Amino acid sequence: MFDKVQPVQAKAEDKKVKYQFVDPNINLASPKLTPVAVMSSDEKTRQELPEGLNNYIKIGAGNYGRFLGEGFVSTRPSEDLVFTAHLKNLSASSGPRYGKNSANANTDIQLGGKYLRNAFKIDGQIDYNRKNYYFYGYQPQPDGVEVDRDTIRQTTNLFGVQLGFENTEANSLIDYSVKTSLYSIKDRYSASEVDWGTTIQASLPVAENIYALVEAGAFVSQRVDAQTYNRNLFRVKPSFKYVSNLFSITGGVNVVNETDNVLDVNRTKAYPVVNLDVVPVAGLHVFAGYDGDVVRNTLRSLLNENLWLAPDVLIANTEKKADIYAGFKGENAEGFNFEGRVSYAKYRNFYVFNNALADTSKFSVLYDADATNVLTVSGQVGYMANDMFKTSLKANFYNYNLRLLEQAWHRPTFSLNWFNALTIQDKLFITSDLYTVAGLKAKNFQTGIVTKLPTIIDLNIKIDYLLTSNFSVFVSLNNILGKQYSRYQYYPQQGLNFIGGLSFSF
């Protein structure tokens, strides 16, 4: 559905792939399909590069009336200062169901800056995102009956400001970073949320091989819907870490206070934190640990998972009461890296999405208020052969033991991500990614029918060809197998779709 890889640059040494597997905040498979690898030629890396050809303009079009317009510019007034601007619009005039009633448009604007010194780094960014889409999951209408598009339209506007200050001096005894962010989101149905969060991380040596670590965070938010919710969370996590050549051990406590004026919540919990990392041989780590936390759920975070939320959904934090985990990870000089992990966690207010009772085209958030046990087994392996070929594969298995909910609706029992990147003669660049999600179940509470959604298999390929040092052509083929799978019940995705165009770098 999306343009998954940024335009390549002319120099092969600038086209490295960083494998970045991001686990969602309750360690479950991400409910939406997103890439698992980040190309270093994206805008975040571009602002680090002083040479030319970091700026580009990109135009593309495809089936479903798709249009892509994108531009990125950066300037470096001095060796210490970088400014960037990024604009992107991706839209489709029709969709997988009911034609223009499943159209969508997404606009992103980012303005950023970074000030680099030997002893510290300051970076900031301003974001604006606008999404326009439709609740097209309604049931088929009788002949001659048309649905008024205005009644199923949704628009969200997100504005964000981020600022960070970080110590970069290599020989400094005290290492620290401070980050703060302010987000405001509003939708077409008068729901809004303002969320301000600040986090601090610091470490300092207290004795030979022993370090004191401190993590703290303060999050203040106000959500306005049918009622006004003032929701705050404060966290402090002091710990001590011992490091040697053979192993490291960390021990501490995570203290969290959360409040919610409407849900009448005001509680403070403390969770022990223990982690042991052993290095039996060079390049291999064996680890085990125990921890707990309170996971913040906000309107912004839930919309990032599921766009089709019903008005005035219940939003509550998820408590990870305990998480026992163990695993191994490592790499070798030949370019292989690997990791395996097993986790057994107990949650309170474990949440799922399911079609609402009043309107099945929208989704409610359901919580298992009692203890929910989740077993997660995951593994990943990657290989990088210089700049010619990169591949990574990650698989996850999940088992849910619920107390109050009938099923973990729309939660997968298996997910797989496979990414590949191939460079041929520094002119032809091919990337592919395969996503598989299985075990999804949904229920229509109006009819009582439980449906097992078909396994999702989504294969995508993107090809870039460098015509000159300035011009390149690209084509993205998405959902090549043409399956109109549904990640959420009644919302089939586009079948085979493509977008092609021209990119100009300067």
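1. In this predicted model, Leu87, Ile109, Leu111, Ile126, Phe159, Val161, Leu182, Val194, Trp196, Val220 and Phe234 make a nonpolar surface patch of about 920 Å². At least two residues of the nonpolar patch come from each of strand 6 (104-116), strand 8 (153-167) and strand 10 (192-207).

2. Val220, one of the residues of that patch, is placed in strand 11 (residues 210-224). With a relative accessible area of 36%, Val220 counts as partly exposed, because partly exposed residues lie between the limits of 20% for buried and 50% for exposed.

3. As for the protein as a whole, its accessible surface comes to about 24,000 Å², and 59% of this belongs to carbon and sulfur atoms. Of the 506 residues, 44% count as buried.

4. The protein has two helices and 30 strands. Among contacts with a separation of 6 or more, 59% are accounted for by residues 24 or more positions apart.

5. The largest nonpolar core has 26 residues, and those with the most contacts inside it are Leu302, Trp308, Leu309, Phe353 and Val365. Two or more residues of this core are given by each of strand 7 (120-134), strand 9 (175-187), helix 2 (299-305), strand 18 (350-355) and strand 19 (363-368). Apart from this core lies another, of 11 residues, which include Tyr347, Tyr398, Leu405 and Trp409.

6. Which residues is Trp308 in contact with, leaving aside its neighbours within four places in sequence? They are Tyr133, Tyr134, Phe135, Tyr136, Ser361, Lys362, Phe363, Tyr488, Tyr491 and Gln493.

How values were computed. Residues are numbered from 1 along each chain as its sequence is written. This is a predicted model: local features need pLDDT of at least 70, side-chain atom pairs count only at pLDDT 80 or more; totals for chains, interfaces and linings use all residues. Side-chain values use heavy atoms; hydrogens and water are left out. A nonpolar core is a set of buried Ala, Val, Leu, Ile, Met, Phe, Trp, Tyr and Cys residues joined through side-chain atoms within 4.5 Å. Buried means under 20% relative accessible area, exposed over 50%, partly exposed in between (1.4 Å probe, protein chains only). Helices (H or I, at least four residues) and strands (E, at least two) are DSSP runs, numbered from the N terminus. Contact means heavy atoms within 4.5 Å. Accessible areas come from the Shrake-Rupley method with a 1.4 Å probe; for residues, only the protein chains shown count as cover. Patches are made of residues with over 30% relative accessible area and no salt bridge: like charges are joined within 9 Å, nonpolar side chains (Val, Leu, Ile, Met, Phe, Trp, Tyr) within 5 Å. A salt bridge is a side-chain nitrogen of Lys or Arg within 4 Å of a carboxyl oxygen of Asp or Glu.
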